[in-house]
Amino acid sequence: MTPAAKRLSVVAAALGPKRTREELLPFLSDGVDDDDEVLGAIATSLRDLVPHVGGRNHLSSLLHPLELLLAVEENVVRERAAESAIAVGEQMYDEDYRAEFVGMISRLATKEWFTARISACGLIHVAFPRMSSSSSSSGGDGGMRMAHLAHFANLCRDDAPMVRRIASRNLGPLLHTVVVTIGPSCLDEGGAVSAILLDLYESLAGGDQPDSVRLHTTQNCVHLGQAITLMKERVLSSSSLSSSSSSLSGGLGDGVLGEEGENTLVRINAIVKRILPLIVATIDDRSWRVRWTAASKFASVVHAFSKLDGSMDALVPAYEKLLQDPEAEVRTAATFNFSEVAKTGAMVCPAGWAGGGGFDVGPADPSSRRIPVALRLVKRVVQLTEDDSENVRAALAMVATDLAPVLGRDATITHLLPPMLLLLRDSNSEVRLNIISSLSLLNEVIGAELLTQSLLPAILDLADDGKWRIRLAVIERIPLLAKQLGKEFFTDRLLSLCVGWLGDDISSIREAAAADLKELTALLGSEWAVQNLLPRVKQMMEHQSYLRRMNAVRALSLMATAMDAHTAQWEILPILLEMHCDPVPNVRFNVAKGLGMIGPLFQSSYEGQILPILTLMMDDPDRDVRYFATQASDSLRAFFGTSNKS
């Protein structure tokens, strides 16, 4: 049944438009009690019937089965039906859309069964821009639009918590759509935002609502902040255009907003002053899930409100409170947003200033002593480095160095460097690893000299960490450290560590160490590799452990691919050829694999040196050695044969 439901377009093409409308669609409408999987397939396939119902004049015939599917109990079916309904509605004529699609939403919003009302919550904001605005009412809103805003208000006050939860989820998108569609008039005293939607914000954020409803308060406020910021930018932009026009026509061109523009800004400030307490209230919510949601989305909140006068003086203290939340999960989520909040560049009151943290919204007093938000927040880093939770400290280690470019060199050295050095000595290896992984920005701002003294002990500790994944992560960052710390410091202090990893007990560590030597050769040059790496690797060739000799062979093969051909031919190739007679087969077949890898670099040595050795190895007593020698020989014959022909 499900495969057939997925191919409704094929059935419709065979039936033709008329029979599709009169037979297929009524048949589908009668089968809404079918299995959920079948209903989901039907809901998805109905949008594919748009070309098969006889043109745009008949698209409304698809809405009847979709309306039934929008009221079923299974959430997945309703979501697919909503997607199909939106897709169908986009292609309908405006008149049909208002009559049929909007009418369907009205019926869903007032149905007795709660699942239909849930579907209506997600469709109202989609249909709002195309709703009729012909019959005007207060605030310039159309009668149809106001009617559906009333429907949405009823859904937000629905007796079923499930309906209120979905209504709360869609409140933010609806407000954004209303502001964009209607314009400044929606902010009037009797407009849609001021008279209806802000009341819903306060109602759904109230303490009497379930956690599942209050969870959406933060995201709703993000949508509101974005919408209000957009409206403010439009007002200022129109003022700028008016000023330019006045200047061109010989006027004063003073950029005055005008009475309407000033009134709009006053209303915007009033709305911001009304909504900020809702955001701050989530910080003190009794549910840690609500506080966690606020913490995880706080960077979005700050970016949405950063251009609205006075908002940051209320939001930054609230964010600092999240950083001190009793729950470690909340503090961790807030810490992950640390750098994004600091990057807003807003000017805020210093911590402890009597005027900070209130809801007095308006232009900042230029005479007051204000500082960048990054400079205020950086003073919280020391407290976070002493947090009891390892997850909080690990999160801080990942993001704190992002503050360095924002603060500048002097403030970074004064305020950020000391706590970063504390994190480098943290008892938890993951914290130390995270801070080492994110040192590039810090290094670019203050230079490597101030870091090396404390960086080296942390690297050495992590290099010997009992968890092999930690050691692997350190190895993967060695080339970056070599680039940051410079050739001389790296050679003196870390080179022996890199070569030593070739003898690690874990295979993945040994392979990563060999790959590291290749990257270091490419980064620091062939001459450096010959002088510093090659003697140490040659010593490993004489080690009694075959594992070390085998990994030395791998490392040499990889290093050769990063060298210039002349240096590799004179320095690496003879060593590899000499190892073909090692007593352990594992070493010998790695020699064969290495010759196959680097052979294409040495055309002049192929017939005289490489081919004879591979020929000897093809008669080796060990079958693995014979196999890899034959494979290498065949690949090189094919390569040089092709090269000679070309």
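At what angle do the axes of helix 4 and helix 6 cross? Let me start there. This is a predicted model. In it, the axes of helix 4, residues 36-45, and helix 6, residues 75-90, cross at roughly 10°. They come within 8 Å. Angles under 35 degrees count as roughly parallel, and helix 4 and helix 6 are therefore roughly parallel to each other.

Who makes the contact? From helix 4, Asp 36, Leu 39, Gly 40, Ala 41, Ala 43 and Thr 44 take part. From helix 6, the partners are Val 77, Arg 80, Ala 81 and Ser 84. By type, these residues split into 5 nonpolar, 3 polar and 2 charged.

Next, the core. The largest nonpolar core has 214 residues. Val 178, Val 193, Leu 197, Phe 305, Phe 490 and Trp 501 have the most contacts inside it. Helix 14, residues 259-283, gives the most to this core: 10 residues.

Last stop, helix 34. Helix 34 covers residues 546-562, 17 residues in all. From first C-alpha to last, helix 34 reaches 25 Å. That is close to the 24 Å expected at 1.5 Å a residue. Its buried residues include Arg 549, Met 550, Asn 551, Val 553, Leu 556 and Met 559. What do the buried residues of helix 34 pack against? Five neighbours come up: helix 32 (507-524), helix 33 (526-541), helix 35 (565-571), helix 36 (573-578) and helix 37 (585-598).

Terms used
Residues numbered from 1 in each chain as written. Predicted model: local features only at pLDDT ≥ 70, side-chain atom pairs only at ≥ 80, totals over all residues. Heavy atoms only, no water. Core = buried A, V, L, I, M, F, W, Y, C linked by side-chain atoms within 4.5 Å. Buried < 20%, exposed > 50% of the residue type's maximum accessible area, 1.4 Å probe, protein only. Helix = DSSP H or I, 4+ residues; strand = E, 2+ residues; numbered from the N terminus. Expected span 1.5 Å × (residues − 1). Contact = heavy atoms within 4.5 Å. Axes fitted to C-alpha atoms, helices over the stretch in contact; angles between N-to-C directions. Parallel < 35°, antiparallel > 145°, perpendicular 65-115°, else oblique. Nonpolar A, V, L, I, M, F, W, Y, C, P; charged D, E, K, R; others polar.
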